[in-house]
Amino acid sequence: MDKPKERSDRQQPKYRYTTEIQQMMFVFGEVQDPLAETTMLIEDIVRSQVIEIIVLAAAQAQRRGSRFMAAEDFIFLIRHDRTKVLRLREYLSWKDVRKKVREREEAGDEIIDDPNADKPDKMAKVNIRLSWELAHSFSENMCDDDDEDDEGMLDAQSDSLKRLRDADEITKQMTRDEYVHYSECRQASFTYRKNKRFRDWAHMSTYIDTKLNDEIIDILGFLTFEMVSKITETALRIKRDIEKAADDSVDTQDAGSKRTANAATPSASASVSAASAPNSASIATATEQQSKRQRVGDAQAASISLFLGPPTARTPLQVQHVQEAFRRLQRAPQPIRNFKGGLTRTRVSFI
């Protein structure tokens with residue numbers, strides 16, 4: 001009975017989110033058709049990060065004395081990234097709002113807005129008690145102070161506005177069909193209506209004994225989206241820096257060759273009579289302009305051909321760009337704990 005199951009597990013493809021990752025990369029500024037090698041590398045990175053998060057969250061739940069993981073276990077793992085924590089809490093809040101509205105609609109209750117309200121109510125916040133915070137110990141005797149949360153939400157909203165501005169810059173020159181495709185790509189997700197597929201992809205049954213509920217799966221879907229975003233944006237930044245450095249080196253070489261050519265001019269040219277100097281300068285200028293036009297014409301003829309498509313201004317990300325992006329994102333300071341020497345396990349930094 002076990003052999004058919006093992007055979008079906010081997011036949012399942014290793015990379016199951018190629019399309020979703022390509023769509024996410026396109027939303028974050030990559031070309032529409034990224035390289036397959038780049039997409040597979042990002043999927044491997046995201047899978048390893050998800051497995052690490054699941055294992056550490058399960059260990060954190062055991063420290064709390066619980067058999068089941070909760071949202072605070074995942075927030076504890078990303079607590080150093082304050083903006084991501086606030087975005088996650090906002091995501092969970094809106095998810096709770098949509099769930100309540102859906103339950104009202106299914107029950108047949110009418111949702112009526114109060115016209116006499118002075119100001120609209122704030123979005124209901126998910127009440128997540130973080131056990132490592134000092135205020136958690138005095139939560140029964142302290143009144144809720146939302147000033148710090150409001151300031152944090154402003155930071156999260158500014159980050160969201162920055163992403164919207166970047167999306168506006170990307171879609172400015174798009175046609176209607178291209179924008180429709182872009183809108184569809186923005187809905188790409190690892191977990192939306194793919195819970196079983198996501199569990200099998202991350203091999204959750206191998207690392208944890210309990211079954212994750214839908215809320216935990218949604219949190220992991222949010223975190224995977226953020227991972228692809230950060231990797232893609234960092235890789236694009238690295239690619240732009242490399243291209244800029246290459247252009248600067250070419251300009252430096254051209255300037256150096258011109259200086260060398262000017263220094264190598266024979267000294268006999270300095271003894272030319274003043275009467276023939278204007279004619280020589282005009283002839284040299286005309287010759288230089290003619291050679292420049294010839295070079296431009298040759299370049300245009302080489303770039304335009306009957307069997308070649310239009311020239312593409314952008315090239316896709318290469319594997320080395322993603323590898324360098326992952327290396328930079330892993331450069332978190334590690335505490336020194338092995339004072340006696342020897343090998344220790346390097347802690348993985350979450351993206």
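This is a predicted model: local features need pLDDT of at least 70, side-chain atom pairs count only at pLDDT 80 or more; totals for chains, interfaces and linings use all residues.

**Charge notes**

I started with helix α12 (residues 319-329), where Arg-327 and Glu-324 sit three residues apart, so about one helical turn separates them. Arg-327 has 43% relative accessibility, so I noted it as partly exposed. Glu-324 has 21%, so it is partly exposed too, given that buried means under 20%.

I then went to helix α6 (residues 147-171). Asp-166 and Lys-162 both lie there, four residues apart, about one turn of the helix. Their side chains meet in a salt bridge at 3.3 Å, N to O. I found Asp-166 partly exposed, with a relative accessible area of 34%. Lys-162 is partly exposed at 45%.

Next I checked Arg-64 and Glu-72. Their side chains meet in a salt bridge at 3.7 Å, N to O. Are the two partners buried or partly exposed? Arg-64 is partly exposed at 31% relative accessibility. Glu-72 counts as buried because its relative accessibility is 16%.

I also looked for a salt-bridge network. Glu-20, Lys-194 and Arg-197 are linked in one. The structure holds 17 salt bridges.

Last, I looked for a charged patch. Asp-247, Asp-248, Asp-251 and Asp-254 form a negative surface patch. I placed Asp-248 in helix α10 (residues 214-263). Asp-248 has 40% relative accessibility, so I logged it as partly exposed.

Technical notes. Residues are numbered from 1 along each chain as its sequence is written. Side-chain values use heavy atoms; hydrogens and water are left out. Patches are made of residues with over 30% relative accessible area and no salt bridge: like charges are joined within 9 Å, nonpolar side chains (Val, Leu, Ile, Met, Phe, Trp, Tyr) within 5 Å. Accessible areas come from the Shrake-Rupley method with a 1.4 Å probe; for residues, only the protein chains shown count as cover. A salt bridge is a side-chain nitrogen of Lys or Arg within 4 Å of a carboxyl oxygen of Asp or Glu. Lys and Arg count as positive and Asp and Glu as negative; His and the chain ends are not counted. The place of a charge is taken as NZ of Lys, CZ of Arg, CG of Asp or CD of Glu. Helices (H or I, at least four residues) and strands (E, at least two) are DSSP runs, numbered from the N terminus. Buried means under 20% relative accessible area, exposed over 50%, partly exposed in between (1.4 Å probe, protein chains only).
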